[in-house]
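Hi there,

Here is the structure I promised to pass on to you. Have a look at it first, and my notes follow below.

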Amino acid sequence: TGLVTYDPGFNSTASCMSKITYIDGDAGILEYRGIPIDQLAEKSTFLEVSYLLIYGKLPTRAEFDAFTTKISRHTLLHEDLKRFFDGFPRDAHPMPVLSSAVSALSTFYQDSLDPFDEDAVELSTVRLMAKVFTIAAYAYKKSVGQPFLYPDNSQGLVENFLRMTFGLPAEPYDVDPAFARALDILLILHADHEQNCSTSTVRLVGSSQANLFASISAGINALFGPLHGGANQAVLEMLEHIRTAENGNVEAFVERVKGREQGARLMGFGHRVYKNYDPRARIVKQIADEVLIKLGVSDPLLDIAKALEEKALADSYFVERRLYPNVDFYTGVIYRAMGFPTRMFTVLFALGRLPGWIAHWREMMNDPHNKIGRPRQVYIGPAKRDYVPIAQR
Ligand code: CMC
């Protein structure tokens with residue numbers, strides 16, 4: 001069987017070779033296709049970054065227009081797919097609603113299930129980039145009991161998403177451009193992060209030659225967990241807990257985390273790869289200040305977050321373990337100021353990560369070294385023993 005290396009959590013195992021995203025965790029560097037994240041956040045747009053990740057280069061004007069036009073033509077959901085939403089309980093978390101609806105795309109588009117048919121993969125790519133935003137908005141509408149709005153393809157992807165989320169049929173909804181831009185930047189910051197848990201899941205599922213919809217649906221489920229995408233929701237719940245149950249006493253909470261009370265962790269802190277300030281967190285913190293000022297909101301949770309960060313960065317427990325704020329630490333405060341309920345936060349992460357998942361799935365399918373993902377194990381169960389009939393046990 002050869003030599004097997006025990007590597008829990010795949011800390012030191014490279015599962016693939018990839019040209020998509022470069023991270024230097026010690027230096028706090030993140031680049032998509034070689035371009036630094038701060039340049040993309042400042043100058044690019046989410047759809048352009050999506051093109052960059054998926055196709056490996058910045059698009060020309062003509063390529064970009066063709067890409068966005070195709071996406072805008074696929075934003076509608078099949079009327080039968082819309083009926084799926086009726087079956088979920090009203091208080092369903094929108095993440096499993098999202099993953100279920102994306103999984104169901106395999107049943108509606110059986111023409112695009114061959115992972116080696118280039119045209120089919122292209123069509124699935126465009127369908128996903130368009131429809132996942134509509135599905136996400138409907139998952140929200142379902143949770144508040146409001147009617148679904150049809151997409152308006154004269155609007156941009158993010159503007160359309162905001163309108164389908166917060167708009168009502170009877171009232172025109174004017175998207176605030178500053179608001180849309182802030183969300184667009186947050187999507188850029190989440191767009192890829194190499195072999196994180198959900199992306200590795202997309203690759204693992206896809207390695208069996210499962211189609212793009214099935215693989216992305218699995219990725220959404222992996223993202224749901226609180227140690228991954230679910231952390232943005234967990235951060236806000238933690239801040240709320242500190243504000244109410246702990247009377248804003250940040251010091252006491254940090255001491256509890258250090259004492260590992262009930263396995264408590266400082267949510268939004270620490271990262272498998274970054275052992276320095278997460279470059280995305282720096283940008284998010286700046287947006288948090290800008291958005292809250294722009295919306296005229298003063299949120300005590302932002303003050304608690306800043307006090308927590310200050311306390312943790314000066315504390316030897318966090319310094320020794322090289323724990324810094326990650327991308328999720330400040331996003332929740334912004335989403336909340338924008339009007340999203342806590343349960344939608346991880347859905348917003350999924351929307352951002354979508355082009356990264358697609359890019360990785362496509363890269364893998366075109367990789368001649370690709371093999372089915374099949375880790376080994378170290379068996380530590382009982383040695384061979386005989387079966388005992390039930391009457392003699
Ligand atoms: N609060 C307190 N202690 C922590 C934390 C934290 N957030 N994160 C790690 N530690 C401690 C941990 O207890 C361990 O201490 P010791 O060596 O004494 O046992 C040490 O730091 C190393 O931790 P680890 O669990 O071995 O590190 P990991 O690389 O396996 O975990 C992580 C990375 C992100 C899962 C972890 O830092 C964590 O749980 N953070 C909180 C959840 C979170 O914010 N997740 C979002 C990650 S960024 C967005 C994304 O990619 O999803």
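Let me start with the ligand. The shell of residues around the ligand is made up of 8 nonpolar, 9 polar and 4 charged residues (Ala, Val, Leu, Ile, Met, Phe, Trp, Tyr, Cys and Pro count as nonpolar, Asp, Glu, Lys and Arg as charged, and the others, Gly among them, as polar). Before going further, please keep in mind that this is a predicted model, where local features need pLDDT of at least 70, side-chain atom pairs count only at pLDDT 80 or more, and totals for chains, interfaces and linings use all residues. Residues are numbered from 1 along each chain as its sequence is written.

In total, 21 residues surround the ligand, and the closest are Ala231, Arg265, Gly270, Arg272 and Asn326. The domain bounds come from an automatic or database domain assignment.

**The annotated site**

UniProt, in an unreviewed entry, places the feature "active site" at His271 and Asp328. The UniProt positions are given in the numbering used here, feature names are shortened, and annotations may be inferred rather than shown by experiment.

His271 sits in the loop between helix 12 (250–258) and helix 13 (279–294); helices (H or I, at least four residues) and strands (E, at least two) are DSSP runs, numbered from the N terminus. His271 counts as buried because it has 20 C-beta neighbours inside 10 Å. The cut-offs here are 20 or more other C-beta atoms within 10 Å for buried, 12 or fewer for exposed, and partly exposed in between, with C-beta atoms placed from the backbone. Leaving aside neighbours within four places in sequence, His271 is in contact with Asp278 and Asn326, where contact asks for C-beta atoms, placed from the backbone, within 7 Å.

Asp328 belongs to helix 16 (residues 328–338). Asp328 is buried too, with 28 other C-beta atoms within 10 Å. With neighbours within four places in sequence again left out, the contacts of Asp328 are Ala231, Asn232, Val235 and Gly268.

The centres of domain 1 and domain 2, taken over C-alpha atoms, are separated by 26 Å. Their contact takes 23 residues from domain 1 and 22 residues from domain 2. On the side of domain 1 that touches domain 2, the elements giving two or more residues are strand 2 (29–32), helix 1 (37–43), helix 8 and helix 17 (345–365). Helix 8 provides the largest share of that side, 8 residues. By class, the side of domain 1 that touches domain 2 holds 17 nonpolar, 4 polar and 2 charged residues.

**The core**

Which residues touch the most other members of the largest nonpolar core? They are Leu98, Ala136 and Ile334, out of 110 residues in that core. Domain 1 and domain 2 both give residues to this core, so it lies between them. A nonpolar core is a set of buried Ala, Val, Leu, Ile, Met, Phe, Trp, Tyr and Cys residues joined through C-beta atoms within 7 Å. Not counting residues up to four places away in sequence, Ala136 touches Leu98, Phe161, Val347 and Leu351.

Phe161 is one of the buried residues of helix 7. That helix (residues 157–166) is mostly covered, with 9 of its 10 residues buried. Its buried residues pack against helix 2 (46–55), helix 3 (61–72), helix 6 (118–144) and helix 8.

**Backbone points to check**

Phe10 has a positive phi, near 50°, in a residue other than glycine. Phe10 is placed in the segment before strand 1 (21–24) and counts as partly exposed, with 13 C-beta neighbours inside 10 Å. Glu194 is not a glycine either, and has a positive phi of about 40°. Glu194 is found in the loop between helix 8 (177–190) and helix 9 (197–206), and is partly exposed with 17 other C-beta atoms within 10 Å.

Best wishes

Conventions. A residue is near a molecule or strand if its C-beta atom, placed from the backbone, lies within 6 Å of it. Two residues are in contact if their C-beta atoms, placed from the backbone, lie within 7 Å.
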